[in-house]
Amino acid sequence: MSNCIFCKIVAGEIPSRKVYEDEDILAFHDINPAAPVHFLIIPKKHIPTLADATPEDIPVLGKIMAMAGKLAQQEGCADGFRTIVNTGRVGCQEVYHLHVHILGGTQPLGPML
Ligand code: 5GP
Ligand code: ZN
């Protein structure tokens with residue numbers, strides 16, 4: 001998607017502070033962190049929202065979840081972390097390229113649910 005900010009980050013057209021990259025996924029720090037540790041994990045493939053995911057996306061979505069703990073630990077989330085996927089207008093999604101937020105660190109975030 002040529003006008004997608006996260007596709008541009010994948011393509012290296014917009015710089016990012018990378019946490020992890022392989023052929024399927026990219027993890028990078030959020031530009032406006034909401035916690036001491038705040039990074040995003042995205043599929044390199046442009047999937048607009050979680051509601052657009054299809055069975056063919058299961059491997060990449062599984063990889064994102066399977067990598068989350070390791071990357072969070074690596075970034076300093078020793079005591080756990082919060083995982084958020086905002087979906088669509090009601091879900092307060094701002095960037096329409098599927099991403100998983102990883103939030104952690106020492107600052108208490110407070111209960112959300
Ligand atoms: P959403 O509300 O869509 O779940 O969250 C989008 C997130 O992307 C926000 O936390 C925002 O700070 C982050 N973001 C938006 N533009 C950029 C960017 O150009 N670079 C980085 N690293 N993060 C971005
Ligand atoms: Zn995209």
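**Figure 1. Pairing of β3 with β5.** Strands β3 and β5 pair in the antiparallel sense over five bridges. Pairing requires at least two DSSP bridges between two strands, and the elements themselves are DSSP runs numbered from the N terminus, with helices (H or I) of at least four residues and strands (E) of at least two. Phe39 stands opposite Ile102 in β5, and Ile41 stands opposite Val100 in β5. The structure is a predicted model, in which local features need pLDDT of at least 70 and side-chain atom pairs count only at pLDDT 80 or more, whereas totals for chains, interfaces and linings use all residues. Residues are numbered from 1 along each chain as its sequence is written, while chains are lettered from A and ligands numbered from 1 in the order in which they are written.

Figure 2. A residue counts as buried if 20 or more other C-beta atoms lie within 10 Å of its own, as exposed if 12 or fewer do, and as partly exposed in between, with C-beta atoms placed from the backbone. Seven of the seven residues of β3 are buried, so this strand is largely enclosed by the rest of the structure. Val37, Phe39, Ile41 and Pro43 point one way from β3, and His38, Leu40 and Ile42 point the other way. Strand β5 is mostly covered, with four of its five residues buried.

Figure 3. Five strands form an open sheet in the order β1-β2-β3-β5-β4, with antiparallel pairing. The edge strands are β1 (18-21) and β4 (81-84), each of which pairs on one side only. From one strand to the next, the twist averages 15 degrees. Helix α2 (residues 58-74) packs on this sheet and touches β1, β2, β3 (37-43), β4 and β5 (100-104). The direction of α2 makes about 15 degrees with that of β5. Axes are lines fitted to C-alpha atoms, for helices over the stretch in contact, and angles run from 0 to 180 degrees between N-to-C directions. Contact between two residues is defined by C-beta atoms, placed from the backbone, that lie within 7 Å.

**Figure 4. Bridge partners in the remaining strand pairs.** Three bridges pair β1 with strand β2 (residues 25-29) in the antiparallel sense, and Tyr20 stands opposite Ala27 in β2. Strands β2 and β3 run antiparallel and are joined by five bridges; here Ile25 stands opposite Pro43 in β3. Strands β4 and β5 also run antiparallel, joined by four bridges, and Gly104 in β5 is the bridge partner of Phe81.

**Figure 5. Val85 in the loop between β4 and β5.** Val85 is found in the loop between β4 and β5. Its C-beta atom has 14 others within 10 Å, so Val85 is partly exposed. Not counting residues up to four places away in sequence, Val85 touches Leu50 and Val100. Val85 and Thr49 lie 36 residues apart in sequence and 9.0 Å apart in space, C-alpha to C-alpha.

**Figure 6. Asn86 and Cys92 in the loop between β4 and β5.** The loop between β4 and β5 holds Asn86 and Cys92. Asn86 counts as partly exposed, with 17 C-beta neighbours inside 10 Å, whereas Cys92 is exposed, with 9 other C-beta atoms within 10 Å. Leaving aside its neighbours within four places in sequence, Asn86 is in contact with Gly91, Cys92 and Gln93. Between Asn86 and Pro36 the C-alpha to C-alpha distance is 20 Å, at a sequence separation of 50 residues. The phi angle of Cys92 is near 60 degrees, a positive value in a residue other than glycine.
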